[in-house]
Each structure stands twice: as structure tokens, then as C-alpha cells.
Amino acid sequence: MVIECLVLGAGQEVGKSCVVVTINGKRIMFDCGMHMGYLDHRRYPDFSLISKSHDFTRSLSCIIITHFHLDHIGALPYFTQVCGYNGPIYMTYPTKALAPLMLEDYRKVMVDRRGEEEQFSSEHIVECMKKVTAVDLKQTIQVDEDLQIRAYYAGHVLGAAMFYAKVGDAAIVYTGDYNMTPDRHLGAAQIDRLQLDLVITESTYATTYRDSKYVREREFLKAVHKCVASGGKVLIPTFALGRAQELCMLLDDYWERMNLKVPIYFSAGLTIQANMYYKVLINWTSQKVKDTYATRNAFDFKNGMISGGFSLEVFKQWAPCEKNLVTLPGYCVAGTVGHKLMSAKIPTQIRLDEDVQINVRCQIHQLSFSPHTDAKGIMDLVKFLSPKHVILVHGEKPKMVTLKEKIQSELGIQCYLPANSESLCIPTTHHIKAGASDAFVRSCLSPNFKFLKTNSAELDDSHKRTMPLLQVYDDRVSEGILTLQKNQSPKVVNQNEFMEALGVEKHEVKLAHCFRVYIPDSESGDASDCLPSTSRKGSLLHLISEKLCRELPDFDVQDCQEHIQIQSVVVSFCSNEKCPHRTGVSLQSVDKKEVHFCCSWSVADDALAWRIVASIKNLELDT
């Protein structure tokens, strides 16, 4: 079985997140976003790739939205009300509450202010949200008989969630956007350790390693304070809802500590409406915000003054003045004004459209206040979840390539970074629940001792006192056979039970080799006098045993007087001149006689046996 992943958005780019995953016949659309840098057909995912007949309701089992940012939900009203999808949609309670605000605000900006053709109406937004089922964190939702989903706290913005989806034995996690470190109003992402075939993770900051948040906050506040102290104005264009609340909390606290009287303005409408929900949904915020809620709501901004207007209109007025400052507190999508400012050398000119061009002479500061996790956070999450495969989305290709190589080399996990419109298949694991026979369970309890001798000459004085010369290990390994019988549950049995069930005798493949070793001739000159007694045989076996102990320190060499045994390998004297395992022609020497040894072993110890044979053949007995 395989998991099929069709990437409709955020493939080797940041924007219009949308991935359709097929798990054992169930198709899930994760996110349905728009690209903020395009106004043409590239704005929305290519939904035609889901179904040629455009019967999206029958083609999809459900839609899951991770959070309310437009690059994750912006195309949803269009897909449901214009394209006709009428199936189930799942998102968290805060996302369901705040998504209509984001969608309506975007519609007003694009249609009412810019005069663009309407993609979806206010009525479309209302009807779309009626189809949404809100879910709580760690609540297992049974979408149908086979598909279950579960949401986990993702940080990032209020209500953002990672989603776990399972069909049969196949399971995946789609992260959406997340943050592995807490900020002022949200906690860090939290998820259970799960058995996963696949993790689909964002990679916005695939190669970035951030300083601590305190260093970043201090840098931001220092730049703002310096600007206003010199008579300048500061514009902080935070398009992403959630970041606005974070920065307002930071500035509000700093203004009180520094006793500053400079007014702070934020855009009327969206931010003030969102604050109402942030106050109500306090349980979704950080522990610090919840702890202080009884005495003060963190979203009651004392220094905030409400005014109309949008950041772009303000930017047009303030950009030509050198005293003013524009801070870009996070990632800016390619094609946006913010992205143009990030890569520009001031002074410069920024073209907004065919008719509007702005002379930019103000200061531009880019500060890392993004609520996305950095490269360390991505690696930590992937290592914690340890899936069999990883897919990277929502990032820039060169940086994703670097992260992919890091995941594969350091974690040993296969990683992919598909482009938009690309589909790939991930193999899954099939699990079988099986019982175990009593005999197999008893065999699991049997010890499997292994002896390791320590060479005292290699130890310093301190270790000689504390480390035993003989260390005993119990490397317990149980071997069983999975049996599948008609009308019975699968069961693991031991080998003897299996052979008995088949009605056959146990057969073991063994190998043997008979070889000669030359020893010094005795005074009598008779070869039989070389080792006439049991004691002399025992002495020679003891010499061989000592040599093997030195050369094979990881094995238990057993000197059994009549023979030597190491695992299944047995070495003993051979007096049978017609031994079937004997090879080669005897060549008697004037001053040496030959003694033959028979060595037998199981197939599994073949390599070990030949090491032992070679060692004995090289035995020096001149002394």
C-alpha cells in the first residue's frame, strides 16, 4: 500500500498551501490557501488536478484547515461556493471564529478598495463557514468508518493546529505552520509521539537559526525607540493576524516601562475585531497570558489608539522621509511590496502598479519576528516524531534542498520536496496483531549469556579496581514464526511447535572440515607418540583455547577438555584416517608430525568457523 501526495500549492514556494493526500482510498485536502503575490490564475491551487469531472465532493473525503492565515484558507470560499465542494470541513474553534474576519477583510481590500473582480462574496464566506465542523485539541474525530483525524497545538497563531490522520495502519501528520518556541501570547507546539509513515512539514525558515526571542525583541524595541525619539514615524506592516497582537503586547509593555507618550495606532476593523476573539479564547494562549488573565487581559492595549487606513496607504505617505522607519517583522512572500523592500538598496523606487511609483528614502529594517519555527525546530520535530518519510512544503527550493540533505544525513529519514502539481507515492507499513503461544513466551524468558573478557594490560589503575575482568551480558533474542491458519487469529510460535504442526522432523544444516596441524616430533619418532595420552591432548586443547580467547575476545570460548566450543562451532581431535571431512594429502616431515582436528558448525556460524580453523592452523608449537 502507498500514500499518494498531490501538491497543489506551497510546493517549493511559500503561498497557497494545499496538499491532497490519499491514504488507503481516503482523500484529504490539507489547507486551501491563496498566493498573496499573484493576481492571475496562479493565485489559487489548480483544483482541476483533483478531479477531471470537477465533482470535488465525491473526490474528497474531507478538507482540513490548519489555521486562519490566507495562504492556508484564502481559497476555501471559492472552492466551496464557486467550485461546488459540499463535503465536510474541519478546523479548530479559534480558526472557525477568526477565518471569516480574515476572508472578509481580504475581500474588501481587493474589491472595494482596489476595484478587482470579485472572486467570492460576503455571502459565499458565510455559507462556506456553515459547512465547517470545529474540533478541539486532541479530540479524535471519526470522519467515516475508516478515517480518523486529531488536532494538536501548533503555536504560530491562535488556534493553529497540526493534524494527525490515520486510515487502517497508515498514519501521517500534516503540520501546517508551527512554532517550536513560545512567544508572548502563545505556547510552543505540542504533539504526541506517534507511529507515522509520513510527516508533511512547512520549511519557511529551512536554513535559519534564530537568536533568542529576548535578543530579537530588544533589537526591535531599540530601533523603534530610536526612530520616534528623533521625531520619526514607525510603520510595522503586519499582514498576518496574530503577529499584530504579539507586537502590540510587546510595545504596550515597553511603553509602560519607559513611560513613553508617543501614540500607537493600529488599523481599525480587523485587529480590533480579532482582539475581541483573542480575549474570549484565552485558553488557547500561552500559560503566562492565562495566569495574568484574572488581573488583566493581555489584549486590552492601553496605549493603542484606533484609526482608519491600511499600511500601504500609510507607506505611500511616509516612505519619502528619511526620518521614518519601516520594520518588516517576518517573512515576505515574493512579489509583495515587503519583499521588494527587503531586497532594495535605499534610496530606491518601488512600483506598486502601472500607475503608481513611490520614492523610498525611509529606513528599512527586517526583524525576525516570524511565528514560524526555524531550522532547529524543524529538525527537533522530525527527530521527535521519527516518521519513515518526510515531505517538505511551504519554503524556498534552495533552502529546502539544504534541509532535505540534513534530514537524510543526520536522521536517516527519506525526504522529498515536490513542486506544485507534482504527485508522489510513499510506501506504508502494514501491521498485524498476533497472539503468542505459551512455548514462545517461555523461550523469550530464557537467558542468552555472552561473556566478554577484559585485557587488564589495557586498563589504567583506576579502572583495574572498578572494572571486572569478565563481563557478562544477556543479549536476549527470541525467534518465532508467524502462523496464519484459516479461521484463526495470527499467532507467533516457536520452531518446535511449528515443526510439530507441519508433522515433519527438525532438520539442521551443519558443515564440517577436518584439517591437520603439524607439531614437533617426539624422541621416539613415532607419530602416535606425539599425543599418546589424554593429558597431552588436553594440554594442546588448552593452548588452542588460550589463543582463541585472545583472538576472539567478543566470544565465549569453552574449553571442555575433550573439545572446544564457541557458539555452534565444535573443535576436537580426529583419529579417523578415513574421515569424510578430511581434505588434502598428508606430507610427513622429518622433524614434525601431524595431528588432525575435526571442526563442525551450523550454517549461521560459517564465517566464525573459518576464522577458528585459520587460527588453529597457524598455531606455533615449536616450544
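Mentor: Of the 623 residues in the protein chain, 45% are buried (under 20% relative accessible area; exposed is over 50% and partly exposed lies in between, with a 1.4 Å probe and protein chains only). The model is a predicted one, in which local features need pLDDT of at least 70 and side-chain atom pairs count only at pLDDT 80 or more, while totals for chains, interfaces and linings use all residues. Residues are numbered from 1 along each chain as its sequence is written, and side-chain values use heavy atoms, with hydrogens and water left out.

The chain has 18 helices and 31 strands (DSSP runs numbered from the N terminus: H or I of at least four residues for helices, E of at least two for strands). Taking contacts between residues at least 6 apart in sequence, 70% of them join residues at least 24 apart (a contact means heavy atoms within 4.5 Å).

The buried residues of α6 are Arg 216, Glu 217, Phe 220, Leu 221, Ala 223, Val 224, Cys 227 and Val 228. They sit on the same side of α6, because they cover an arc of only 160° around its axis (the arc of the directions from the helix axis to the C-beta atoms). An α-helix has 3.6 residues a turn, so residues three or four places apart point the same way.

As for partners, the buried residues of α6 pack against helix α7 (243-258) and against the strands β12 (234-235), β15 (325-328) and β18 (363-366). After α6 comes Gly 231, with a positive phi near 90°.

Phe 515 belongs to strand β27, residues 510-520, and it counts as buried because its relative accessible area is 3%. Leaving out residues up to four places away in sequence, Phe 515 touches Val 595, His 596, Phe 597, Cys 599, Val 613, Ile 616 and Lys 617. Its C-alpha atom is 6.6 Å from that of Cys 598, 83 residues away along the chain.

Leu 60 is in a loop instead, between α1 (56-59) and β4 (62-64). With 5% relative accessibility, Leu 60 is buried too. Beyond residues up to four places away in sequence, its contacts are Val 20, Arg 27, Met 29, Ile 50, Phe 79 and Tyr 85.

Neither is a glycine, yet phi is positive, near 65° for Ala 10 and about 60° for Gln 12. Ala 10 is buried at 1% relative accessibility, whereas Gln 12 is partly exposed at 23%. Elsewhere, the peptide bond from Ile 346 to Pro 347 is cis, with omega near 0°, and Pro 347 lies in the loop between α11 (337-342) and β16 (348-351).

The structure holds four cavities of 30 Å³ or more (on a 1 Å grid over the protein atoms alone, a cavity is a set of points where a 1.4 Å probe fits but cannot get out, a pocket is an open set with protein on both sides within 12 Å along at least five of seven lines, and lining residues have an atom within 4 Å of a point). The second largest cavity has a volume of about 70 Å³ (the space filled by probe spheres set on the points, which are joined across faces, edges and corners). Its lining includes Arg 43, Tyr 106, Glu 116 and Phe 120. The second largest pocket holds about 630 Å³. Among the 14 residues lining that pocket, Ser 443, Val 477, Ser 478, Glu 479 and Gln 495 are the closest to its centre.
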